[in-house]
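Subject: Handover of a structure, with notes

Dear colleague,

Please find below the structure that I am handing over to you.

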4 protein chains.
Amino acid sequence: MKTATEYLESMKAYNPRIFLGGKQVNLHENSTALTVLRANARVYELAEDPKYADIMTVISAYSGEKVSRNLHISSSTADLEKRSEMATLTSQMLGTCNYRCVGADVLNALAGITWEMDKELGTNYHSRLLNHLKYLQENDLAVSGGVTDAKGDRTKRPVEQEDPDVYVHVVEKREDGIVVRGAKVSQSGAIGSHETLVIPTMGMRQGEEDFAVAFAVPNGTEGLTYICQYTPFTAERELSPDVKYLGNPLYGQRETCIMVFDNVFIPWEHVFMCGETKYSGRLVARFAKTHRMNCGGACKVGFADLIIGATQLAAEYSGVQKAPHIVEKMTDMIRINETARACTIAAALKGHEEPAGSGFFQPDDIFGNAAKLTIADGFWDILKWAGDIGGGMAVTMPSELELENPETAHYVRKFMKASAPAEQRLRISKFIQNWCAGLHGAGTWHGAGSPMAQKMALYALTNFEEKKNLARSLAGLREE
Amino acid sequence: MKTATEYLESMKAYNPRIFLGGKQVNLHENSTALTVLRANARVYELAEDPKYADIMTVISAYSGEKVSRNLHISSSTADLEKRSEMATLTSQMLGTCNYRCVGADVLNALAGITWEMDKELGTNYHSRLLNHLKYLQENDLAVSGGVTDAKGDRTKRPVEQEDPDVYVHVVEKREDGIVVRGAKVSQSGAIGSHETLVIPTMGMRQGEEDFAVAFAVPNGTEGLTYICQYTPFTAERELSPDVKYLGNPLYGQRETCIMVFDNVFIPWEHVFMCGETKYSGRLVARFAKTHRMNCGGACKVGFADLIIGATQLAAEYSGVQKAPHIVEKMTDMIRINETARACTIAAALKGHEEPAGSGFFQPDDIFGNAAKLTIADGFWDILKWAGDIGGGMAVTMPSELELENPETAHYVRKFMKASAPAEQRLRISKFIQNWCAGLHGAGTWHGAGSPMAQKMALYALTNFEEKKNLARSLAGLREE
Amino acid sequence: MKTATEYLESMKAYNPRIFLGGKQVNLHENSTALTVLRANARVYELAEDPKYADIMTVISAYSGEKVSRNLHISSSTADLEKRSEMATLTSQMLGTCNYRCVGADVLNALAGITWEMDKELGTNYHSRLLNHLKYLQENDLAVSGGVTDAKGDRTKRPVEQEDPDVYVHVVEKREDGIVVRGAKVSQSGAIGSHETLVIPTMGMRQGEEDFAVAFAVPNGTEGLTYICQYTPFTAERELSPDVKYLGNPLYGQRETCIMVFDNVFIPWEHVFMCGETKYSGRLVARFAKTHRMNCGGACKVGFADLIIGATQLAAEYSGVQKAPHIVEKMTDMIRINETARACTIAAALKGHEEPAGSGFFQPDDIFGNAAKLTIADGFWDILKWAGDIGGGMAVTMPSELELENPETAHYVRKFMKASAPAEQRLRISKFIQNWCAGLHGAGTWHGAGSPMAQKMALYALTNFEEKKNLARSLAGLREE
Amino acid sequence: MKTATEYLESMKAYNPRIFLGGKQVNLHENSTALTVLRANARVYELAEDPKYADIMTVISAYSGEKVSRNLHISSSTADLEKRSEMATLTSQMLGTCNYRCVGADVLNALAGITWEMDKELGTNYHSRLLNHLKYLQENDLAVSGGVTDAKGDRTKRPVEQEDPDVYVHVVEKREDGIVVRGAKVSQSGAIGSHETLVIPTMGMRQGEEDFAVAFAVPNGTEGLTYICQYTPFTAERELSPDVKYLGNPLYGQRETCIMVFDNVFIPWEHVFMCGETKYSGRLVARFAKTHRMNCGGACKVGFADLIIGATQLAAEYSGVQKAPHIVEKMTDMIRINETARACTIAAALKGHEEPAGSGFFQPDDIFGNAAKLTIADGFWDILKWAGDIGGGMAVTMPSELELENPETAHYVRKFMKASAPAEQRLRISKFIQNWCAGLHGAGTWHGAGSPMAQKMALYALTNFEEKKNLARSLAGLREE
């Protein structure tokens, strides 16, 4: 397995075409791109730490060697639980994405679906995938995932779009591989990964064969362009003389990009679905099921642990931590977070083998959706309470740079002091600002799919007949 | 094990002193008392049903025989999960209390605490309890629990009360046993049980030894008086010519009483704590931990399954089940309920042996409290949506008796018909009325302890230092 | 104007055909029917009280005499405010319906619409209505309203129904009047009123002329049958030896009935719309606008005042009123209620003349809908907090009759005492039970129309273009 | 009255000592400082616009001339309503503070309290204030307000603080005036105002006379230093080549500073309270009362109008505006906002003369607090829905600068297009980002005082005795 240093070293071989804020930037120099490399390096570092070994690593079923859990196909409910714990741990340690998370969940979804296709259609997708997986494990590569398409006109199917490129699709099939075009949006971390696994954004129908495509693509492959998100936080980082003045100094925001595929060639050994529309919906559904537990639930539980800790510190620094209404609000943050944590645990421990006979495990779908809905809604409340207890300071604080300016330092020290010195109060307020006045409310809402998708899933998954029968039986109504 | 019929037969031996609505009533004749007997009989019946065998029964660790799970000490996380499933199942089947639930959780709490006392103090409480447990299992007795004291002046400790009887306590110690006085309020089901297990309502302190008392007492023991709750539902049942006209025809409401102990003698073999104040808080805490998972969480999940089923039926009977806002509300009911269910599952599966070495298992405390808080608050929402979809009818409907009156039957048939006939709509509306215009909102809120108690528990159980360190580490603050 | 005694005397002339619980009952003897007479009498009494003169009475624009505000057409925003204050006052005094409320709002809606019809169509509906109004004012009659039809198959229009009678409609037009058939459901208080004003349940379309009908009908007219609601509270009242043992002793529940019109003859002078479909939607919309402010908002504010008062008493009787979490919950009840009160005030004071030139005033529609939505949702929270602070006792309390039974009185006195004697605690708990374990949650939700109707109204009333332009302007987007 | 141009011209005379991001900056050159000048200029412009004349201007009671409503003492409920409408209007037009709002409300609070002091103590504060007011009106000056002190150790009173400077106070009384020291934090807009009105942060007690001080101070007076807030938005603006790429291009964020008073001399004619501790609490309470209606309520209603408009545009640009769940969410935003608007209207229209005889009007306190609480909590929901409908794009969008880079423009045009072109979608998404991923959630929460303060006010303002009597009367309990 790679060390953090080896990871960073290995990335030097890549020079993807990245744009940010209207200009081309270098992966290894741009302040925002560096947060992605740094976050990935930290994840490699955690895998080296014996304290986290059983969470971050696992023995490969294929090589018998220790590998990253980010490259593991879950094969038991215990595995599912550890996978979900990894999501919480990396969030606690990074305060942003483990950029290998989507890739890991795509891998798990592909494992089952390719197994089924090979079995039912006689294809060799699964063996290709396993070959590729061995390569990934052997080299301990960082793999991101690309799922969400641009979508264009929301009222039309892919084939009906004026410009079909708004959905990634095959534009040419060659003997040695396929050529794809389109873009994946809100893509997390591709710029800092060795490669990206791409799957469709939704189930495709007959006639949409070109859109039912899944494949792996190495970073910086010809035809790939990465257009990064640009937010106030991007600017602040660019301008800041030292990362310590920032809200999440080392790891920053969840950085995404529009990952453009402009006639990108994919050799057949990296293609894991190509035209099998019938399987595409199930592939996406399995990805969603896993990702809602991990990214939708467990990851945000880790974020909330950070926010709860920071908010408690802010309360202590102001000296108000024992006021009954502060205790009430802290308790509410805890309640929300532990409820979401419980849902992810139930999702993992009530998971089951799927597809039957494959040896691969998937979480319980109802509880995974419940986890996502609990934290999506609850996260806004958690931010509200963080902002409440963080106080006006969380949005009106001066820069910590004032402490280094002799003309203002004594004023800021004097007037920002409470039960803790100004330095500490500014530092924790900046950290809280990063959450309660930043990208995480809306980000948590939409990550792993917007809540409306989880609601539709919950409704569809409910056995109404069973519940109706229970009610009828007690009410003295005959079954119809 | 007893059949339902054998249970009912066995109860004939008991003639407790019961008052209801200002008059003494007979356990075997009073319409409300009969709902308790009927509910208990149904629980015996479920244990006979092979379909529910693994939920309702278990092999005794003491006799090797199959016994009711209501008389079982959980010895694994799987056991805890089944225990919690029993709570859901009986709620689905009864729409009211499994009146043996509190007794079962008291038994589990007593098992651990007596084991510790015997080990640490050299008492023989644990062996007494096991002897008694064997007797209960051999005779498959129904055991209720008595926990909540009258409490008098809430600002004073038991010993400071003007009238110490507001807390159950020992008034005399004799060679052959003890004499107790006081009352347990909001007591569920003692009138229909073979016996009741009594524990303190809270931890007692030095000087409050007489109040640190736990014991078993058979139904109808001399000195016992049961003063029943009286609500509009009591009256409606008394007046109704047939139970079918009622909202929960067979099993009615969760029936409670003030269980008065007027100098009741308890022989030593039925005393399981007597003066050990140091252990009393832990006893209550363990009871709470278990009971919040079962009564606080899983039981109400079963109720909510019924309400969801009934509400969906009401929507279908009105023909509105596909309207987007109806689907949204049904989904919200499901979301709440599955979230609570997930918490109970996590509470069970993340349980652990406690006390260490005892072989007895207790659920995870944080997730049990989360389960209770989720459903306590969510239940009011579930009732709101049931009332929304049930429509004005849920509170303005005429009696189903109108359908048997030739002067009104044709009118009611004509005007209460929608997508289903009037009969069905009236029946399901009455069932919904039972929930959304009845005792269950406030009952669910306070059952297994009021939410404020769970909030205090959650706050106390939280490891703030750990979370503060996570935040400090990311924010670049040194640990203090 | 009539005194309360004169009202009761005047009612003796009426002997409507009333069914309740499957049996025919006498208006002047049945315990439930008596609550309606008593409530109406109390409203007459309030009008006699100089303290409430400016709320309950007003100088008639037609006679120059003092008349009941229940028979007044609002002609200024001050009038609208007083009308809304009357709704709050009667709720505070009755804890149930002012059964003349719907009639008053129907009257106001009819005033404008008949004025328009006469002006535009040359009909004489308005002069008929004014004639009738003078008669009502001169005799100070109690007038209820009938609005909600049975509706049958919700997916079909009135003319498409298998049985057209599920909407009240004209079945015959004669020289001297019309004959109507159908039923009004969830009708409040017709049994205790001198007459009832009936309007359509919704806007009718071309081809549905027979359903576009509005008229007045005296109590007990031939062909009328009243089938009363039947709930657990009906039974409790019937069984109770004294009203003092009940939750709302004198005035009970909001009593409704199915008011059946089986070929009822209405003379032309009592017909105020007959076939003018074009005006029917506007008639209903104006009724809704007024009724949402009064019944939807102000009335429930009065109920909430009662609940807040009772809950504070319960807290004081238990001695917990100063605990921070109790103060927090009381504050939340107050916040909800004052927010709803503010909405009703804004609805009244931002009202306007409608139709222009008529001299009649209607409340602001947006704020009226906001009032209803605030209290509909908030009322469930208010009930939740009442149940929280009321404690388990609110649902597990024994009958107050136990205090009169020498065998249980001393026990109940002893064990129900806290910071106040058992009598007081039982009394206030029973009052709280009436709310938090009764019909008012669902009743408040649907009264004045279900919340979905208010939401649709709010959306339809919003000027999106204006708001879009504001946003475009600031964002630097050109208007399209 | 000044035109916008004249205002900007007049500001050139001021060169305050401003620090931002660790460096001293020039008011007339710094990109962030310019947003404050621009916002103020826009408010002057609105006063010139005949369309807004009755909202933005009023005839002075002192000069008979037209003056800005920002310099007016409300003297009727109609005045209060217009004042509150000004708050909504300026928010709609600026998307940030009217920086003269706090000053206006401080002025109103000072008017009454100085009137009382002069009457009761024989001081001449009121005549001083009126003289100063005439000067302000004649010159149409922009006046900001300074209220919130640094506060230091929250558990101690001002006199007990280690460093008394954490509360602004008098350090020297001279013949010609006073010298003050301390700081006002979270101060809005002082840098762009002609002067600032300062009052205590809370009621002072006997012994705290030096802290009971109110005065006016011109911008840039010797001893004043302004240390500005610094957020990601500050950096983004500094880096942006054109304001059009920003979320609120012209007016930016609510910019605040720590306004440091380092031995600032205030001549007596600008001192309006000095030592009268008895009046200080009432002064603050009156300010709060007015400010909660205006800043706490009406201002945020204007912001919400903008967000609702933008979100509807985003829905239309994506083509999803008719989906039922989108309509539901838009409706919820509207409901919240119209409820808050109703509260501000009720606060204004139920206002009253205070102090009696003064001719000055204050809003209703209960409804003002309800307005603030409704929008404080509701704003987080509004942001949630804006983020929901705005979609992932609201946080993952690229910079609009990409549209000007030929290497990325065609990709962004292609992939960001939906029912509207990429340009429009990016522009409205950036505007939504400004709200749902910015400073406004926490800012709205704390503006005009944190919600806990409003809750305490609501509880304190409630007449519990009246409500208890209503409940007792109905429940049949005697008054105690």
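Chain A has 480 residues and a radius of gyration of 23 Å, which agrees with the value near 23 Å for a compact globule of that length. The radius of gyration is taken over C-alpha atoms, and the globule rule is 2.2 Å times the number of residues to the power 0.38.

Before you read further, please note that this is a predicted model, in which local features need pLDDT of at least 70 and side-chain atom pairs count only at pLDDT 80 or more, while totals for chains, interfaces and linings use all residues. Residues are numbered from 1 along each chain as its sequence is written, and chains are lettered from A and ligands numbered from 1 in the order in which they are written.

Chain A as a whole

The C-alpha trace of chain A spans about 75 × 70 × 50 Å along its principal axes. Chain A contains 16 helices and 14 strands; helices (H or I, at least four residues) and strands (E, at least two) are DSSP runs, numbered from the N terminus. Of the 480 residues in chain A, 66% are buried. A residue is buried if 20 or more other C-beta atoms lie within 10 Å of its own, exposed if 12 or fewer, and partly exposed in between, with C-beta atoms placed from the backbone. Among contacts in chain A between residues at least 6 apart in sequence, 78% join residues at least 24 apart. Two residues are in contact if their C-beta atoms, placed from the backbone, lie within 7 Å.

The domains of chain A

Chain A is divided into domain 1 (4–265) and domain 2 (282–472); these bounds come from an automatic or database domain assignment. The C-alpha centres of domain 1 and domain 2 of chain A lie 23 Å apart. In chain A, 41 residues of domain 1 are in contact with 39 residues of domain 2. On the side of domain 1 of chain A that touches domain 2, α4 (77–94) and α5 (101–121) each supply at least two residues. The largest share of that side, 12 residues, comes from α4(A). By class, the side of domain 1 of chain A that touches domain 2 has 18 nonpolar, 17 polar and six charged residues. Here Ala, Val, Leu, Ile, Met, Phe, Trp, Tyr, Cys and Pro count as nonpolar, Asp, Glu, Lys and Arg as charged, and the others, Gly among them, as polar.

UniProt, in an unreviewed entry, places the feature "domain: HpaB/PvcC/4-BUDH N-terminal" at residues 3–273 of chain A. That span, residues 3–273 of chain A, is 34% helix and 23% strand, and its end C-alpha atoms lie 32 Å apart. For "domain: HpaB/PvcC/4-BUDH C-terminal", UniProt lists residues 281–476 of chain A, also in an unreviewed entry. Residues 281–476 of chain A are 74% helix and 2% strand, with end C-alpha atoms 41 Å apart. UniProt positions are given in the numbering used here, feature names are shortened, and annotations may be inferred rather than shown by experiment.

Chains A and D

Two copies of a chain are related by a rotation about an axis and a shift along it. Chain D can be laid on chain A with an RMSD of 0.0 Å by a turn of 180° and a shift of 0.0 Å along the axis. This is the relation of a two-fold axis. The same surface serves both copies, as 99% of the contact residues of chain D recur in chain A. Of the residues of chain D, P232(D) comes closest to the rotation axis, at 2.4 Å (C-alpha). Copies are superposed by least squares on the C-alpha atoms of residues with pLDDT of at least 70 in both.

Individual residues

In chain B, a cis peptide bond with omega of about 0° joins E354(B) and P355(B). P355(B) is in the loop between β13 (352–353) and β14 (361–362) of chain B. A cis peptide bond also joins E354(C) and P355(C), with omega of about 0°.

A448(C), a residue other than glycine, has a positive phi near 65°. A448(C) lies in the loop between α14 (440–446) and α15 (451–461) of chain C and is buried, with 30 other C-beta atoms within 10 Å. K151(D), also not a glycine, has a positive phi near 80°. K151(D) counts as partly exposed because it has 19 C-beta neighbours inside 10 Å.

Yours sincerely
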